[in-house]
Amino acid sequence: MEIKKIQDGSKLEISIEGRLDTITAPTLEATIKESITGVEKLIFDFAKLEYLSSAGLRVLLATQKVMNKQGEMVIRNVNETIAEIFDITGFCDILTIE
């Protein structure tokens, strides 16, 4: 998995490429924890995300809880496979997906 961050003031965009699974989720979680202070708008770009496991969903849910207190979180460029995972798990009702 490759993580790219672009910070512009209180806006942070995180692009994820590859697989977000049990092995890579802790890396994303650490990246978010070190970067999220003062962020009012968090954008995830999933254009190159190939796979999302329950471990990845857990990280997204924890991040959403933090962002509910300090701003907003948006997920963009979700492919059909990832969209289906969000739909089946009910995460499409919890997350803002554009």
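Reader: Which residues do ring pairs link into a cluster?

Author: Phe44, Phe46 and Phe86. Bear in mind that this is a predicted model. The structure holds two aromatic pairs.

Reader: Why is the pair of phenylalanine 44 and phenylalanine 46 called tilted?

Author: Their planes sit at 50 degrees to each other, with 5.9 Å centre to centre. Stacked needs under 30 degrees and edge-to-face over 60, so the rest, tilted, is what applies here.

Reader: And what makes phenylalanine 46 and phenylalanine 86 a stacked pair?

Author: The angle between the planes is 25 degrees, and the centres are 6.5 Å apart. The cut-offs are under 30 degrees for stacked and within 6.5 Å for pairing, so the label holds.

Reader: What does that pair tie together?

Author: Parts that are 40 residues apart in sequence, because phenylalanine 46 belongs to strand β3 (residues 41–52) and phenylalanine 86 to helix α3.

Reader: How do you know whether phenylalanine 44 is buried or exposed?

Author: Its relative accessible area is 0%. Buried means under 20%, so phenylalanine 44 counts as buried. Phenylalanine 46 also comes out at 0% and is buried, and phenylalanine 86 is buried too.

Reader: Okay, over to aspartate 93: why is that one called exposed?

Author: Aspartate 93 has a relative accessible area of 69%.

Reader: What kind of charge does the surface patch with Asp93 carry?

Author: Negative: Asp93 gathers there with Glu80, Glu84 and Asp87.

Conventions: Residues are numbered from 1 along each chain as its sequence is written. This is a predicted model: local features need pLDDT of at least 70, side-chain atom pairs count only at pLDDT 80 or more; totals for chains, interfaces and linings use all residues. Side-chain values use heavy atoms; hydrogens and water are left out. Patches are made of residues with over 30% relative accessible area and no salt bridge: like charges are joined within 9 Å, nonpolar side chains (Val, Leu, Ile, Met, Phe, Trp, Tyr) within 5 Å. Accessible areas come from the Shrake-Rupley method with a 1.4 Å probe; for residues, only the protein chains shown count as cover. A salt bridge is a side-chain nitrogen of Lys or Arg within 4 Å of a carboxyl oxygen of Asp or Glu. Lys and Arg count as positive and Asp and Glu as negative; His and the chain ends are not counted. The place of a charge is taken as NZ of Lys, CZ of Arg, CG of Asp or CD of Glu. Buried means under 20% relative accessible area, exposed over 50%, partly exposed in between (1.4 Å probe, protein chains only). Rings of Phe, Tyr and Trp (its six-membered ring) pair if their centres lie within 6.5 Å; planes under 30 degrees apart count as stacked, over 60 as edge-to-face and the rest as tilted. Helices (H or I, at least four residues) and strands (E, at least two) are DSSP runs, numbered from the N terminus.
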